[in-house]
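Keep the picture at hand as you read.

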Amino acid sequence: MTFQAAESRSAELRAELNQYAHEYYVQDQPSVEDFVYDKKYQELVEIETEYPDLITPESPTQRVGGKVLEGFEKVVHDIPLYSLNDVFSKEELITFDERVKKAVGHPVSYCVELKIDGLSISLKYENGVFVQGATRGDGSVGENITENLKTVKSIPIRLKEPLSIEVRGECYMPKSSFVKLNQQREEEGKEVFANPRNAAAGSLRQLDTRIAAKRNLSTFLYTLADFGPLESTTQDHALNEMARLGFRTNPEHRVCETIEEVWEYIENFHETRDQLPYEIDGIVIKVNEFSLQDDLGFTVKAPRWATAYKFPPEEAQTTLLDIDWT
Ligand SMILES: NC(=O)c1cnc(OC2CCCC2)nc1N
């Protein structure tokens, strides 16, 4: 194949394969069978092997890792990653709502989201290209895990628009991957992970990026930290914008007009969370309007405009091994 032919064919394959990967890993709606993807992927590998100069950062072949890092550099977060004040009962939730209404002087609508039990991450993009991924750390200083996060297939390497923004969310391991990983580790006589959160954290702490690449990690993004030119005025709109740009966001987010509606949402997911393919440890309730969030502000460590309703630790939790994940 001539260089010109290889150049145009590899660009075509890259675009096609990245679209397939977006449908599969971000939208959970694959449009082609795996063998179609694999065949085109193999064709791209052959072209890139013959012409390595044609390899680009967003080529799907770069998602498999291969670097062994010396260590993780520190990253200072321009915008701190705040933690959440927790509530553990309906009464405490109502107190939170009363305090918010008192502070802003009128009832507010809430954006409610499942509280994904994973590892907080921050993703930076410059002109639409993924340039840095970091752990939350202590909220001000985290670790640079860009190379490991590049292997997480649901994290876009290039956004749908050339924007310079920063987003935050959760990197997690699906329950089915957690069960398979622990079975494999048991067979290899290795120590098993206590829960999917620890498994995700352990995977992202690997210095050999090929290991992270094999752990089938995923993400749900939920905070637009640096909006860049985006103009969302509510949390609900920001979630929709992040999805439009190519990020994976959780489909269960809802706007509730009253705290009663919030409570119904909480009760529903408290009952049904075992059926979710990922672990949650509660529900996050956020004042939906960003202008009201600005009015409410922050305490030293947490926003006054949000709270996390935490589910009681499940004693009789159906063990993950008892559920047929196939
Ligand atoms: N684990 C989650 O799913 C989750 C965590 N945190 C937040 O929001 C915090 C972030 C900064 C103030 C509110 N939302 C979430 N969905």
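**Spaces inside a predicted model**

Strand 4 gives the largest share of the lining of the second largest cavity, namely three residues. The model you are looking at is predicted, and it holds two cavities of 30 Å³ or more. Rolling a probe the size of a water molecule over the atoms shows where empty space is left.

- The volume of the second largest cavity is about 50 Å³.
- Its lining is made up of Val75, Val76, His77, Asp78, Ser122, Leu123, Lys124, Gln132, Ala134 and Glu166.
- At least two lining residues come from each of strand 1, strand 4 and strand 5 (129–135).
- Sorted by class, the lining of this second largest cavity has four nonpolar, three polar and three charged residues.

**His77, a residue in that lining**

- His77 is one of the residues lining the second largest cavity, and it sits in the loop between strand 1 (74–76) and strand 2 (86–87).
- Is His77 buried or exposed? It counts as buried, because its relative accessibility is 7%.
- A polar atom of the His77 side chain lies 3.0 Å from the backbone oxygen of Thr135.
- Beyond its neighbours within four places in sequence, His77 is in contact with several residues, among them Ser122, Ala134, Thr135 and Arg168.

**The largest cavity**

- The largest cavity has a volume of about 80 Å³.
- Which residues line the largest cavity? They are Glu113, Leu114, Ile116, Phe220, Leu221, Tyr222, Leu239, Asn250 and His253.
- Strand 3 and strand 8 are the elements that give two or more residues to this lining.
- By class, the lining of the largest cavity splits into six nonpolar, two polar and one charged.

**The largest pocket**

- Now for an open space: the largest pocket has a volume of about 1,100 Å³.
- It is lined by 44 residues, and those nearest its centre are Leu81, Tyr82, Ser83, Tyr222 and Thr223.
- Elements giving two or more residues to the lining of the largest pocket include strand 3 (110–116), strand 8 (218–226) and helix 6 (196–204).
- The lining of the largest pocket has 21 nonpolar, nine polar and 14 charged residues.

**Around the ligand**

- The residues around the ligand include Leu84, Glu113, Leu114, Ile116, Glu170, Tyr222, Thr223 and Trp305.
- Tyr222 and Thr223 are also among the residues nearest the centre of the largest pocket.
- Where does the backbone meet the ligand? A backbone N or O atom of Leu114 lies 3.2 Å from a ligand oxygen atom, and a backbone N or O atom of Ile116 lies 2.8 Å from an oxygen atom of the ligand.
- Glu170 uses its side chain: one of its polar side-chain atoms lies 3.4 Å from a nitrogen atom of the ligand.

**Asn182, a residue in a helix**

- You can find Asn182 in helix 5 (residues 175–187).
- Asn182 has a relative accessible area of 10%, so it is buried.
- Setting aside neighbours within four places in sequence, Asn182 is in contact with Val192 and Phe193.

Notes. Residues are numbered from 1 along each chain as its sequence is written. This is a predicted model: local features need pLDDT of at least 70, side-chain atom pairs count only at pLDDT 80 or more; totals for chains, interfaces and linings use all residues. Side-chain values use heavy atoms; hydrogens and water are left out. Helices (H or I, at least four residues) and strands (E, at least two) are DSSP runs, numbered from the N terminus. Buried means under 20% relative accessible area, exposed over 50%, partly exposed in between (1.4 Å probe, protein chains only). Contact means heavy atoms within 4.5 Å. On a 1 Å grid over the protein atoms alone, a cavity is a set of points where a 1.4 Å probe fits but cannot get out, and a pocket is an open set with protein on both sides within 12 Å along at least five of seven lines; lining residues have an atom within 4 Å of a point. Grid points are joined across faces, edges and corners, and a volume is the space filled by probe spheres set on the points. Ala, Val, Leu, Ile, Met, Phe, Trp, Tyr, Cys and Pro count as nonpolar, Asp, Glu, Lys and Arg as charged, and the others, Gly among them, as polar. A polar contact is a pair of N or O atoms within 3.5 Å; within protein, one must be able to donate a hydrogen and the other to accept it, and residues adjacent in sequence count only if both atoms are side-chain atoms. A residue is near a molecule or strand if one of its heavy atoms lies within 4 Å of it.
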